[in-house]
Amino acid sequence: MKLTLVLLISGMLHVSASTYAQNINLSVKEVSLKKVFKELRQQSGYNFLYNSKMLNETVPVSLSVKNMPINEVLDKCFNNQPVTYLIVDNTVIVKRKTTVSASAAQQITISGTVNDVKGDPIPGVNVKLKGTQQGTATDLQGNYKLNAPSGDGTLVFSFIGFETKEVAINNNTHINVTLKQQSAALTEIVVTALGVRRSEKSLTYSTQQVDGDELTRVKSDNLMNALNGKVAGLSISPSASGVGGSVKVILRGNRSANGNNQPLYVIDGVPITNGSNANMQPTGTFGGSPDGGDGISNLNPEDIANISVLKGAAAAALYGSQAQNGVILITTKKGRAGKAQISYSSTFAVDHVAYEPQFQNSYGQTKSGAIDSWGAGISGSQDNLKNFFQNGTNWTNAVNLSAGSEVAQTYFSYANTHAKGVEPGNVLDRNNFNLRETAKFFDNKLTVDANVNYINQKINNSPSFGLYLNPLTGLYLFPRGLDINTYKNNYLFDTQTGFARQNWFTNDNLQQNPWWIINRDPNFGTRNRVLLNGSVRYDVASWLSIQVRGNVDRTNDNYEQDRYSGTNSLFNSNGNGFLNLSDQTVEQKYGDLIANFTVPMHSPFKINGLIGGSITDNITRGLSLNGNLSTPDFFTPGNVIASLGGTTSNTTSNTVGIAPNHSQLQALFGNANFSYKDWLYLTVTGRNDWSSNLAFTPNVSYFYPSVGLSAILNQALNLPKVINYAKVRGTYAEVGNTIPPYLTSVQNTQNAAGQLVFNTAAAFRTLKPERTKSIELGTDLRFLDNRLNFSFTYYKTNTRDQYFPVQPITASLFSTGYVNAGNVQNSGIEFILGYEVVRGKDFTWNTAINGAKNTNKIIDVDSKDGINSFVLTGNGNNNYESHLAVGGSYGDIYGYSLTRDSQGRIVLNGSGTAANPYTPQANKTFSLLGNPNPKFQLGWSNSFDYKNFSLSFLIDGKFGGQVLSMTQAILDQNGVSKVTGDARNAGGVKVNGVDKSGNAVSTVNAQAWYQTIGGRDGITDQYIYSATVIRLREAAIGYTMPISNSAFKSVKVSITGRNLVYFHKKAPFDPELTMSTGNGLSGVDVFNQPATRNVGLNLNVSF
Amino acid sequence: MALALIILGVSSCTKNFEKYNTNPNALSVNQTIAILPTAFGPLEQAIYSNYQVAQNLSADAYSGYMMSPDPFRGGINNLNYALVDGWNQAGFNDQYNLVMGPVSKIAATGARTKAPDLWAVALLIRVEAMDRVTDRFGPIPYSKAGTAITSIPYDDQKTVYQQFFNQIDTAASNLQAYIAANPGKTPLAGSDLIFNGDYTKWLKFANSLRLRLAMRIVKADAATAQQQAEKAMSAVGGLLTTPADDAAIAQSGGRSNDLWVVTDPYDDNRMGASFQSYLTGYNDPRLPVYCKPATDALFAGQYIGIRIGSNILSRPDYDTYASLNTATTFTQTAPQLIMTAAEMWFLKAEAALRGWAGAGDAQTNYETGINTSMQQWGVSAGSYISNAVSKPVAYTDPKNNVNNSPALSSITIKWDPLAGNEQKLERIITQKWLAIFPDGQEAWADYRRTGYPKLFTVVNNNSNNTINTDIQIRRLPFPTSEYNNNGAAVKNALTLLGGADNGGTRLWWDVNKANF
């Protein structure tokens, strides 16, 4: 910050540098101050900052000194001048002298600190008493002191690149001020890789920054949801997993077939982990395993100052392997010097399901005891869902304290979240503690920054996905016309034992009593996470600083699922109940050493950069245990029936260590930035990684470079006045990625009976790490007094040499092999258009549109081995499969389609009689039916401020793409859905069909039709829907209470809403929701919990 | 300076990478070697991997022993010659994945030289397992298996058999040497589910396997057949001689007898009509040991099986027919036979018929075979071997007379020294068939080689004319997974097969010519 500012000022004023000397010898007669400065600069090495105009009013100086300290020389020079000076480091800032009033006795002295919004002090800010010539400037710590004739004037704070602020003195003697950077100012400082702050104009790639207020304006239980729709090129899919669930975050498209596609999360320059708990994401449509929340959802949004999204490989190149999918850089708040400040915020929000399946009310259960509703007519049916779904609530209370002296600052925060999901029993409790200390020592040369975060989180009854152990299957499929209420509180028979204990009308592994699942198949997830960060920076010289940083991120997850006796036998095979326990600790340790340098040179060229090294070490440990119980419903590890070894499925239980993981990544990296006359910038980076996961292969090391160029055209060319800023930029970057651990050396295992089990996987021996190559071109423009800004980026990335597990031919004797292959291409554009529509005193209106289009293409899978397709999600005998296939794109949905003749008519079996009705046929091979990824995304945000009121809203749209509703298919098969009722009322389903003899058929019996096309293995293409969805994602109305002379500094209340209105949605569910945040299962709804609509009330108070 | 330190740090730290990248939950090389014997149990169990689809719904039915009452796949399946790729694939893939693969891993531990005894047993299990594969399909990838990931050529069946003999040579000589040097030592005791580590029995098994394979190829390569058979009959260690020598895989580790599984819990297996025709016709004392009578109200208590290829519309129609005796014979824990002493006596009877050295007298061998089998199943032979009257009986399906058939053979039990070789062979193979039950795989091979015993044909043939109903099925087609993944090699294999890839093409040893 400091360095940047000095450079900035030097751009407009004048600067020179040489070595520093202590004492001065000088003899001059009647020379201008300017000449004296020149002489002093040569002797002392001090820089002089001044405005030439100001010097016009000065008088010539005569002086003769020997071996005199510079400040004394300066005192002499400035005697009787209308200007005075201030020494900041090795720079002498010349400023106008404050007029000294005659009536000094009546004066008051006002002091204070000027900070920017991030809490960093701003040196050199002009502080003026309005309407007078009286003024001063802030020192390096941002402090100022000013005399005023009375306590009723107004202070004016101004500084280039920041919005000028006026503050009424109101007899205060201590006035701290925060200056906001001009929204589109040239001086925008952005946080870049490794936490390095750079001026935006020197960046050669695109980033987008979101401020903390944006994240907390309309809160969500996972803070990443607050970025949805706000960042061009960022695609966010919340998991349909109730409160505390994970989100899937994809920047510029999916690229890795088998690896991670999510970005790296970095807090204050240091990477953290983002794993979900030991209970992994579901991998198939049967589901069954709940989501335990990801790492990023644990953070307290109130602690975040801002988030910077580094989208491309170039931006992330310095983070290496882990960052090939982009980086989410989080800068947290720290304490500020000055009076202690306490803020408190409280949010209470109510959630309710945003949509429900549509049911028919005209036909009842097929026959008594049947699971479907193809029976006789009934008159009306009740709403069984209202007996189950509840209003979710989220109550979050957060308090933070900021205080400190010039030397040391403290920030402490505590947040408590208590949330209830829309499914009964789904509860989240989270406590976040955060303590941060920052301090400077030795003339501010040594900066120490340490941070302790402790997070404790409990999630009960995280809803299951898919067909298994999901209360929604039983709830939705419940025969129409019957009253589900009889099963609500009487979900168990006290008198029964074993499987008979559950009170449900049928024994079916796809559906159980919903309240049985809630109460008798509960799950509990507990997370304890400690995140320790520390950093020490020493400014060795004005051109060199050295920084050492480290963190430990340790997450312990404990997961338990208790299946009581009475649970369906598929999940409880001996009838005594089943226990599923896991305890996993993931620990990441990171350390780096970085030298930042600015080459001291006196020329239009400037060079700065860094070199450094880092080590990242990840270890996962844990135990899991699952199995049938000996004593019924006694859920303790010792009661799990011991394993029987052997090779067959008759093994009754399974006790295993959690798959361990030890990966270490070591890196050396460097970055150099060259600039010419502050308008042309060249950035070069290089990084070399050494990955322990490549041990046993010939080469554990891989190098990748990036290069970028940007030009600020308005500084180089004579552009029309209307253009305030015009930048063009381009980069080329490569990022390598390693493979998972333990693949390079094949080790055998043993089974529970102690028998040797040979590992017949082929060793990954001579293959190469994955590599993404990307190019990016873009421009950033600002017009009309910076009120209109536009940014545009084109990119193309190709990810090659991916690691693929392949199924080798049988006679190879390998069960699995690995190859390096593939070429997944993502190309697209992103744009941001912002306009300050009204910039008034009382009223402002800002609007912004961001958009992105990504095209994903699978150019190659593994053609050299004849493999052109890779299965992301297997079908498991259901009708959904996801492939990565040449010519297709990532996440393609494959399924069965209707058989049609050459004229497009549906080919029908049967004769159309009651005994042998017409039924459609499926092409029983999987074919490509769609892709769930949006073709285009658009977000439109608006904020209005009128005096104390504020209003903001965000509308966003995801356009294109297709999704599959297996839910609808099963509801249709069971005859409970509205369409099946409507079809029966209409006498059948209207089709353009043809029977075996070639006769045209226009109507097919509804039951025959839906029982054929519906169901989990039915005809998929009948359940493909457009994924286009346009919604009012966020809205907030706020009011800041005008408060004077009270204990409160500010009080703000707001009403917020999230996911309020679907302007357009054709699918029977929210296509944005995902069943898994992994690579598979995208675009399929299998009894996912519906999306919710959320309305909340916020209170923010600061003291 | 800092950079230099970092570089030093990095170069010294990567030393630990191999340690970091070693899975602590998996075994080290030394630990693998230490517990190598424990791998043999799963290896042996793998011979009958996926039993239902790999053997029961093909060979067990094609041998006339058994038939399923379950109308799998709408009643259109293997049992009426509509060959189901997914089923037959298991009979191919599993032996590669679960036997060939692990045996190659045993070789990789250095066992060939460091533990030649273990290597001998591994080779014998491999030959036993892979013989079942080649006898289903014909040419298979064998000599080149494990040499590549993407394309592996097939060997013709003659080459495969030649390698089998070579590997039996290695196994037998390793075992002879080990037994001589370490009398009474049993390193595999506790792990070996077949002989509990008794190497003298493994040596008998090696010789017996040689004899079985030799006889198999008699029509294709008579010289080698005779040479290998004579070698087997004179080999050190001898053949399986009494029921105490019988090779059967004991149940362990929660595994259940496969016949019990398919018959009882799956309820998918019943007595075959051909088996019924001979057993009831001969009033065979083994009948109640092998089977249990029907439970159908119409014919309860009778031994009425199901004819192969019967048109079965729904399971309850044939569920109640005679089944296997899972109560006392094929119980959940009963070991699963892979080779018996009785089989050896019948092989020697046939060898004697062919005049091979060391075979002894045909009649003696034949009668000893029958008696050994009776002894094996714990029944008294009584006057069985002197019964010159009883003959197989006609089959009558009480529920569907379309399935009825007169008896196909009039062969009697009692040895007739004056009969011609062809009749003698029919008698030997028919009794062998009754003795080696329930090994449908071996019985189907004998039927294809000799045409005996005479078996009822399929009632319905859904093979699209690729299989002649009277000639019956000769093999299974290669799995489509081979066409997808090993396409060039499998196309080449069709040349080695010498015919179309369907169930009607004869294997190399299945030569369409007279037995003598």
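**Close-up 1. Packing of helices α12 and α18 of chain B.** The axes of α12(B) and α18(B) in this predicted model come within 10 Å and cross at roughly 45°, where axes are lines fitted to C-alpha atoms, for helices over the stretch in contact, and angles run from 0 to 180 degrees between N-to-C directions. The two helices, α12(B) and α18(B), are therefore oblique to each other, given that angles under 35 degrees count as roughly parallel, over 145 as roughly antiparallel, 65 to 115 as roughly perpendicular and the rest as oblique. Contact (heavy atoms within 4.5 Å) is made by B:Ser208, B:Leu211, B:Arg212 and B:Met215 of α12(B) with B:Glu343, B:Met344, B:Leu347, B:Lys348, B:Glu350 and B:Ala351 of α18(B). Helices (H or I, at least four residues) are DSSP runs, numbered from the N terminus.

**Close-up 2. Packing of helices α18 and α19 of chain B.** With their axes 8 Å apart, α18(B) and α19(B) (residues 362–376) pack at an angle of about 170°, and they are therefore roughly antiparallel to each other. Residues of α18(B), including B:Trp345, B:Phe346 and B:Leu353, meet residues of α19(B), among them B:Tyr366, B:Ile370 and B:Gln376.

**Close-up 3. The buried side of helix α13 of chain B.** In α13(B), B:Thr224, B:Ala225, B:Gln228, B:Ala229, B:Ala232 and B:Met233 are buried, that is, under 20% relative accessible area, with exposed meaning over 50% (1.4 Å probe, protein chains only).

Close-up 4. Within α23(B) (residues 487–497), the buried residues are B:Gly487, B:Ala489, B:Val490, B:Ala493 and B:Leu497. Seen down the axis of α23(B), they fall within an arc of 155°, so they line one face of the helix. On the other side of α23(B), B:Ala488, B:Lys491 and B:Thr495 are exposed. The buried residues pack against α10 (116–137) and α22 (480–485) of chain B, and α23(B) is followed by B:Gly498, whose phi is positive, near 75°.

**Notes.** Residues are numbered from 1 along each chain as its sequence is written, and chains are lettered from A and ligands numbered from 1 in the order in which they are written. Local features need pLDDT of at least 70 and side-chain atom pairs count only at pLDDT 80 or more, whereas totals for chains, interfaces and linings use all residues; side-chain values use heavy atoms, with hydrogens and water left out.

Note on methods: Arc of directions from axis to C-beta.
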